[in-house]
Amino acid sequence: MVTVTDASATFRRVPLPARAPRLIATDLDGTLLHDDKSVSARTVAALDAAEKAGIEVFFVTGRPARWMDVVSDHVHRHGLAICGNGAAVVDLHRGREIVEVRELSRWSAMAVVRALREVAPGVTFAVERTGGITYEPDYPPFFEDPGAVVAPIAKLLGEGGADRHRAGRGPGAEQPVLKLLAHHTELAPDFFLELARRAAGDFAEFTRSSPTALLEVSGRGVSKASTLARCCVERGIAPDEVVAFGDMPNDLEMLTWAGTSYAMANSHAQVRAATTFETLSNNEDGVAVAIEGLLTLR
């Protein structure tokens, strides 16, 4: 195993695989971005060097397309990013245009709502669509989206009645649902996640990336890993040719799918247990340090 020393962190080493990857997949918040949501000059330089070396870079995030400005200038050749935990593929070269959607059906979303209301009284919901977010009156407000519609969840999702495919008449009903968000003020985050999976796992995929009890709910089979795998198949890239970086449970499927994976030093314990290697924290440019090492393998 090769190691690379970070010049700014004496005696700390980042391990490397035996060969360089063809594709790097990296989460954003808590991984590539500093805690203040900035991208350091060192990280920008590392991403640019990887692209110039012929390594594709994919941002794979739970963020919606409208929150991708922070990295829009740093995907060079293909311009694509995977957003919404795999629910959308976005072209950053074309103004964050959504080019592929893997939606959560409204019927499945309402089934999740009913199940969680039964096992976790006090839960509140928000709906992330291709056009923006809507949420219930008691849901913690999104200050980044001051114009978001606020209404009861049945209205937000549209009342489909007996027809499980009918869009309904709620706000933005014509727009595909990318994610359902479920928030609880009292439950522990990991406990809430497991509770939700037991109660409603037949209807949707559940994960989380927030330090609070905020669950992210996607359509069955939709994850960062499954959408990244589709993008790799299109490019003839095998899982063992991919290096992935992440820090939270919503990264786990991607990290275990990739041939080589790195947990950030600030990662959730489950992520640290599941990955191949560990790198420095997001605030110490851990992704950049590892990429610099990977480039020495070419």
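Helices H2 and H9 are roughly parallel to each other, a term that applies to angles under 35 degrees, whereas those over 145 count as roughly antiparallel, 65 to 115 as roughly perpendicular and the rest as oblique. The structure is a predicted model, in which local features need pLDDT of at least 70, side-chain atom pairs count only at pLDDT 80 or more, and totals for chains, interfaces and linings use all residues. Residues are numbered from 1 along each chain as its sequence is written, and side-chain values use heavy atoms, with hydrogens and water left out. The chain has nine helices and 16 strands; helices (H or I, at least four residues) and strands (E, at least two) are DSSP runs numbered from the N terminus.

**The chain as a whole**

- Of the 298 residues in the chain, 57% are buried; buried means under 20% relative accessible area, exposed over 50% and partly exposed in between, with a 1.4 Å probe and protein chains only.
- Among contacts between residues at least 6 apart in sequence, 57% join residues at least 24 apart, a contact being heavy atoms within 4.5 Å.

**Helix packing: H2 with H9**

- Two packed helices are described by the angle between their axes and the distance between the axes.
- Helix H2 (residues 41-52) packs against helix H9 (residues 286-295) at an angle of about 30°, and their axes are 9 Å apart. Axes are lines fitted to C-alpha atoms, for helices over the stretch in contact, and angles run from 0 to 180 degrees between N-to-C directions.
- H2 contributes Arg 42, Thr 43, Ala 46, Leu 47, Ala 49 and Ala 50 to the contact, and H9 contributes Ala 288, Val 289, Ile 291, Glu 292 and Leu 295.
- By class, the contact of H2 with H9 holds eight nonpolar, one polar and two charged residues. Ala, Val, Leu, Ile, Met, Phe, Trp, Tyr, Cys and Pro count as nonpolar, Asp, Glu, Lys and Arg as charged, and the others, Gly among them, as polar.

**Helix packing: H3 with H5**

- The axes of helix H3 (residues 106-119) and helix H5 (residues 189-200) come within 9 Å and cross at roughly 120°, which makes H3 oblique to H5.
- H3 and H5 cross in a right-handed sense.
- In this contact, Val 112, Ala 115, Leu 116 and Val 119 of H3 meet Leu 195, Ala 196, Ala 199 and Ala 200 of H5. The residues of the contact are eight nonpolar, no polar and no charged.
- H5 also lies across strand S11 (177-183), S12 and strand S13 (214-218), and runs at about 175° to S12.

**The eight-stranded sheet**

- Eight strands form an open sheet in the order S7-S6-S5-S4-S3-S14-S15-S16, and the pairing is mixed. Two strands pair if DSSP finds at least two bridges between them.
- Strand S7 (97-101) and strand S16 (277-278) stand at the edges with a single partner strand each, so one side of each has no neighbour in the sheet.
- Strand S3 (residues 23-26) and strand S14 (residues 242-246) run parallel and are joined by four bridges, with Thr 26 opposite Phe 245 in S14.

**The six-stranded sheet**

- A second open sheet, with six strands, has the order S10-S9-S8-S11-S13-S12 and mixed pairing.
- Its edges are strand S10 (149-150) and strand S12 (205-207), each with a single partner strand, so one side of each is left without a neighbour in the sheet.
- Strand S8 (residues 124-129) and strand S9 (residues 132-135) run antiparallel, joined by four bridges, and form a hairpin with two residues between them.
- Across this pair, Val 127 stands opposite Thr 134 and Glu 128 stands opposite Ile 133.
- S9 and S10 run parallel and are joined by two bridges, with Tyr 135 opposite Val 150 in S10.
- Both faces of S9 are covered: Gly 132 and Thr 134 are buried on one side, and Ile 133 and Tyr 135 on the other.

- Val 127 lies in strand S8 and is buried, with a relative accessible area of 0%.
- Val 127 and Leu 156 are 29 residues apart in sequence and 7.2 Å apart in space, C-alpha to C-alpha.
- Glu 136 is found in the loop between S9 and S10 and is buried, with a relative accessible area of 7%.
- Beyond its neighbours within four places in sequence, Glu 136 is in contact with residues including Arg 117, Thr 124, Val 150 and Leu 156.

Conventions. A crossing is left-handed if the near helix is turned anticlockwise from the far one by less than a right angle, and right-handed if clockwise.
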